[in-house]
Structure formats: structure tokens, C-alpha cells
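Trainee: Before using these labels, I would like to know what stands behind them.
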Amino acid sequence: MSIFMFISIMTLILLLISFLLIFSKLYRKTATRLSLLILLFGAVSFPLFSVMYQVRTTNYLIDFSTIGTVFFLTWTLIVITLLGGIFFRFRVNISEESEMYRH
């Protein structure tokens, strides 16, 4: 396995973990929200899957600027979703916080 495929698979795993972190903190886990999250994961990971497919099937090198742009886009979205997941994870409700200071 080439280093490109290894980095791509690790990127997709990190993206999946960030989406699962967001899904784990949703108030109501319905099938609609899960399907929307799966569609969003597919839309975000599609450019990386297409570049992985092109690298795997062609014998010539793909332009490095294309690969760099795809990874930059994917990693930027990973950072945004991880920060959103961490924000949802450690968020404190105002009612819980106000009861904490009453005693």
C-alpha cells in the first residue's frame, strides 16, 4: 500500500470519527438525522474518494496541486467538524450551570 493510500484512509477514518462525535451528542438520534449525517459524510469525502480512485486506476501521476487541494479541503472540514463535536461534547446547559451556583 502506498503512502498516499495510507494517508487517505487515515483521513477518512478521522473524518468518520469527527462525524460520529457529533452524532453521539445529538439530542434525539433519529433515522433522518443519521441518514443526513451519512449523506454529509459522503459529500465531504467524495473528492478524496475520486482522487483515490484516479490514483489507483491510472498509470500516470495526478497533478499534485489537485491532490493538495483535496487534502486541504478535507482536513479543513475535519478540523471544523472536530471543533464542532468537541463544542457539543463539553457544552453545559445554562439551567445546569445556574443550579450549580445556587447551593
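The questions below take the labels one at a time.

Mentor: The model is predicted, so local features need pLDDT of at least 70 and side-chain atom pairs pLDDT 80 or more, while totals for chains, interfaces and linings use all residues. Residues are numbered from 1 along each chain as its sequence is written, and side-chain values use heavy atoms, without hydrogens and water.

Trainee: How many helices and strands does the protein have?

Mentor: The protein has 4 helices and 0 strands. Helices are DSSP runs of H or I with at least four residues, strands are runs of E with at least two, and both are numbered from the N terminus.

Trainee: Why is isoleucine 9 called partly exposed?

Mentor: Its relative accessible area is 33%. Buried means under 20%, exposed over 50%, and partly exposed in between, with a 1.4 Å probe and protein chains only. Isoleucine 9 is therefore partly exposed. This residue is found in helix H1.

Trainee: Which residues of H3 are buried, and what covers them?

Mentor: Among them are Ile67, Val70, Phe71, Thr74 and Ile78. The cover includes H1 and helix H2 (31-57). Across the protein, buried residues make up 25% of the 103 residues.

Methods: Contact = heavy atoms within 4.5 Å.
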